Amino acid sequence: LSPPGPTPPGTTPRRLLMRSLSLLLLAVGSVAQSDEAAAASTATALQRACADAGVANASALLAHARKLHNGDDGRSTKQPAEAAPLYAAIAAANSTSLVSLDDACAAATALGHMYLQGDGVQRDGERAYDLFQRAAAFGAPEAQYALGVLHAAGFNAPKDTPLAMTFFHFAAEGGSVGAQLALGYRHLLGVDAPKDCGKALLYYSPVAERVVSSAQRLRGGKLLEKVRLSLDTPLGGGGKRGADDDVIQYYEHSARKGSVDAQLTLAHLNLHGARGLVPDHARAFEFYSRAAAAGEAAAYSHLGHMYAQGMGVEQDNATALEFFRKGAAKGHAPSQNGLGYMYMQGYGVAQSHSKALQLFQKAAERGNAEAQFNLGAMHIAGLGVRKAHDKALHHFTLSAHQGHTLALYNLGQMHLNGLGTAASCPVAVQFLKAVAERGPWGSMLMEAHDG
């Protein structure tokens, strides 16, 4: 707008005011038209992206972009370069009615990380910071956490510890696991914050509870033998697709030749989903059945678990018991634990805490971490035995030494509340910290650190 020029003679204050308001309305109308044009353009781009992806709306497009970005849709390779423009279209349409604020912020945050790491796009720290800042302004916890990290490290942003701590605080309040872990660590050790065990516990506890909640949803897995696969029996998707294919073909050839070890390995890979394989319970059941036909006790245990849980087969407690009993008769600790759990819960048999206790004791003597945990649970609840916090603490400790997540959590709670031992915040927070760092974010944070 140009200056209004000199005031004509005889102009009253009222006329002057009306003239100023008219100029202001013209300016607002011009900006509004510009905003409307921009919104229409971004809306059109978003609708085109949805149509190209074959999805109905922005939320579905965001889910599709995440699958392309993370490679979690059964494909062996990630496609970040294809995900980036989809994130950009969603983030840019935040001023339209087509995108929820949460989806727009999530897309902007994801795209910010891609620019920060050069993941599928050319690395651009300034653009990453701008995307994080836009999302953080609307209260997006993960964007606030990212800004906290950048300012704490002085990476692509001025090093500013007070500002970083402010971002961490708001991000933690919003539920950002990374921010909660960061503040827990800082208060535990007194890094850029007052050393305060109580505050460290305050930040570690909600993260630990999320890990425990996830573990409890999979609590049936306690019937299942822990599988620790080495290079000879690999579990994990770190290798390249070609190498994975070679590994799978090798084991399939050996399994056809009657190798029980190969049959078990293929069953494990199909049960958990690894080496480029998506979880396939029916195929896992097939290979466990082959190994069981050869009298392999570990296969009995896994088949018992699958029947008990209805994984790849129709749920059948009677058949589960049959397989657990076969394994237990061979002195197989996971089978003994599985059978004990069936008796403890009364699944397919009359509930018997005394029989469960005996079976757990046999399995625990053989070093089975699940059985050790179950013994601790029975002593703390007084199931089949008198309540004894000191004995529960003993069994949980044995189980925790083998990395049992729920045992670690229970030890943290017992040391916090003085059950079976003297109350100690420093000891309790160490256990809860260990649990909190066991979530999927642990490996993600390590990967980000290595990058």
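This is a predicted model: local features need pLDDT of at least 70, side-chain atom pairs count only at pLDDT 80 or more; totals for chains, interfaces and linings use all residues.
Let me begin with the helices. Helix α15, which covers residues 333-345, packs against helix α16, which covers residues 353-365, and their axes lie 8 Å apart at an angle of about 165°. Since angles over 145 degrees count as roughly antiparallel, α15 and α16 are therefore roughly antiparallel to each other. The contact between the two helices is made, on the α15 side, by Ala-333, Gln-336, Asn-337, Leu-339, Gly-340, Tyr-341, Tyr-343 and Met-344, and on the α16 side by His-353, Lys-355, Ala-356, Leu-359, Phe-360, Lys-362 and Ala-363. As for the handedness, α15 passes α16 in a left-handed crossing.

Now to the loops, where I would like you to look at two residues in turn. In the loop between α6 (141-153) and α7 (161-173) you will find Asn-156, whose phi is near 60°, a positive value in a residue other than glycine. Is Asn-156 buried, partly exposed or exposed? With a relative accessible area of 38%, Asn-156 is partly exposed.

The second residue is Asp-192, which sits in the loop between α8 (177-189) and α9 (197-217). Asp-192 is not a glycine, and yet its phi is positive, at about 60°. Its relative accessibility is 48%, so Asp-192 counts as partly exposed.

Methods
Residues are numbered from 1 along each chain as its sequence is written. Side-chain values use heavy atoms; hydrogens and water are left out. Axes are lines fitted to C-alpha atoms, for helices over the stretch in contact, and angles run from 0 to 180 degrees between N-to-C directions. Helices (H or I, at least four residues) and strands (E, at least two) are DSSP runs, numbered from the N terminus. Angles under 35 degrees count as roughly parallel, over 145 as roughly antiparallel, 65 to 115 as roughly perpendicular and the rest as oblique. A crossing is left-handed if the near helix is turned anticlockwise from the far one by less than a right angle, and right-handed if clockwise. Contact means heavy atoms within 4.5 Å. Buried means under 20% relative accessible area, exposed over 50%, partly exposed in between (1.4 Å probe, protein chains only).
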